[in-house]
Amino acid sequence: MTATTDTFADAIGGLGDTEWDRLADGKFYSSALWLRLCAFEPGSVSGGLHVETPGGGRAAIPVAAVTDEPTPHLRWHDLLAARGLPAPEPGGLLIGQRRGYLAHLLTDEGTDRTEAAAAVLDAVRALRSPLHEESKIARVAMYLTTEDVHSLLAAGVRTAPVALNTDAWIEIPPGGYYAWLESLSTHRARRIRSEVRKFEKAGYEVEHRTLSESWQDVARLLARSLLRYGRTVDVAPMAESLRKQGELAGPRAEVVLCSRAGEPPVGFCMYYRSGDTVYLRALGFDHDRLASAAEYFNLTYYMQARLPGVRRLHAGTETPEGKALRGATLRPLWLLDLSEDSPLAGYDKEIREHNRTLLTRLRGSSPAVSDALEYELWEPYC
């Protein structure tokens, strides 16, 4: 196994964008563009670990050296402690990217995945952090798919994976929006048609723009939404971050805005398109000016389902019932501690009990969620 020596040279470990994207193979949250956007985030050093395998293939995975992670969903110590499980110390090496909540083990076509996982695992354990003096630090992979957990366990990881959340995907048939409606139950399709009519009757004007054209409106509306949920943010640095993101992403960062005639926008949804997939990224509203016309669902799902050539929407984590009611399937995402001396070692029984409890709670939360769960991806570790 030959490991990279320039993991933290830049966001993709010194590889060219084309070479990295060949390994990413359409996985947007592991693409060179997205990883370069993640590198804007303060409080970490982003990198890309890439290795050659004994069989002559290549494997890679995003990494980040983190200290005080500002994003709650990436604080592995807090997440595990809240579940009553032993937890690695905060700070160390995050295996995966810092935005997007979906990490992948990347390989050349034809490369044996267990062999690739073993090469990556060795390199992760040997990797030194540019932010930590000690080599004995946590090395935690987060938001992995079941497939990649299988590969890393086969490669020698000895701790059980911890279920973190659901990952929602909405499939759009070849016939597009109307074929999607026909694929849903009568009740769900009727609900969507009613919400679309309500939105249309509200008289909103809808505009599709790039982020580089609309970052100021996006920042304002995002701040308003965060304030509604108790989070006060300084708009200026957030706006500057969005401006930089729009500048780097160009036409790939898209925004749908809705407004009343002659007034500033009252809502937005930002998304990226990669091939035939839309990745929903952010939304915000001036809630005091809304017409209670299902603005959330129209801007987030129904507008994007109408886009030409779109075959799936990646709706991400959280609010599983709302997504399941719109035809999403729910896959598990996992935390896997790759450290050689993980404090989770020997706690397989407790981890599996946590995973079973989460799955049982999701199954019992609503019939829609129960039907949407892809049980074959959960059950090996429950």
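Accessible areas come from the Shrake-Rupley method with a 1.4 Å probe, and for residues only the protein chains shown count as cover. On that basis the chain has an accessible surface of about 16,400 Å², 49% of it belonging to carbon and sulfur atoms. The model is predicted: local features need pLDDT of at least 70, side-chain atom pairs count only at pLDDT 80 or more, and totals for chains, interfaces and linings use all residues. Residues are numbered from 1 along each chain as its sequence is written, and side-chain values use heavy atoms, with hydrogens and water left out.

**Overall fold and dimensions**

- The chain contains 14 helices and 13 strands; these are DSSP runs numbered from the N terminus, helices being H or I with at least four residues and strands E with at least two.
- The radius of gyration, taken over C-alpha atoms, is 21 Å, close to the 21 Å given for 382 residues by the globule rule, so the chain is as compact as a globular protein of that length. The rule is 2.2 Å times the number of residues to the power 0.38.
- Along the principal axes, the C-alpha atoms fill a box of roughly 60 × 45 × 40 Å.
- Of the contacts (heavy atoms within 4.5 Å) with a separation of 6 or more, 74% are between residues 24 or more positions apart.

**Burial and cores**

- Of the 382 residues, 54% count as buried, meaning under 20% relative accessible area with a 1.4 Å probe, protein chains only.
- A nonpolar core is a set of buried Ala, Val, Leu, Ile, Met, Phe, Trp, Tyr and Cys residues joined through side-chain atoms within 4.5 Å.
- The largest such core has 73 residues, and those touching the most other members are Leu49, Ile95, Trp180, Ile192, Leu338, Leu373 and Trp378. Helix H4 supplies the largest share of this core, seven residues.
- A second, separate core has 46 residues, including Leu37, Leu74, Val162 and Leu242.
- Beyond four places in sequence, Leu338 has contacts that include Ile95, Leu121, Arg139 and Val157.

**Two buried loop residues**

- Leu127 sits in the loop between helix H4 (113-126) and strand E6 (138-144) and is buried at 13% relative accessibility.
- Leu127 and Leu49 are 78 residues apart in sequence but 8.9 Å apart C-alpha to C-alpha; Leu49 is among the residues that Leu127 touches, as are Phe8 and Val63.
- Thr317 lies between strand E12 (312-316) and helix H11 (320-324) and is buried, with a relative accessible area of 14%.
- Leaving aside residues up to four places away in sequence, Thr317 touches Tyr101, Asn165, Thr166, Lys323 and Leu333.

Conventions
Buried < 20%, exposed > 50% of the residue type's maximum accessible area, 1.4 Å probe, protein only.
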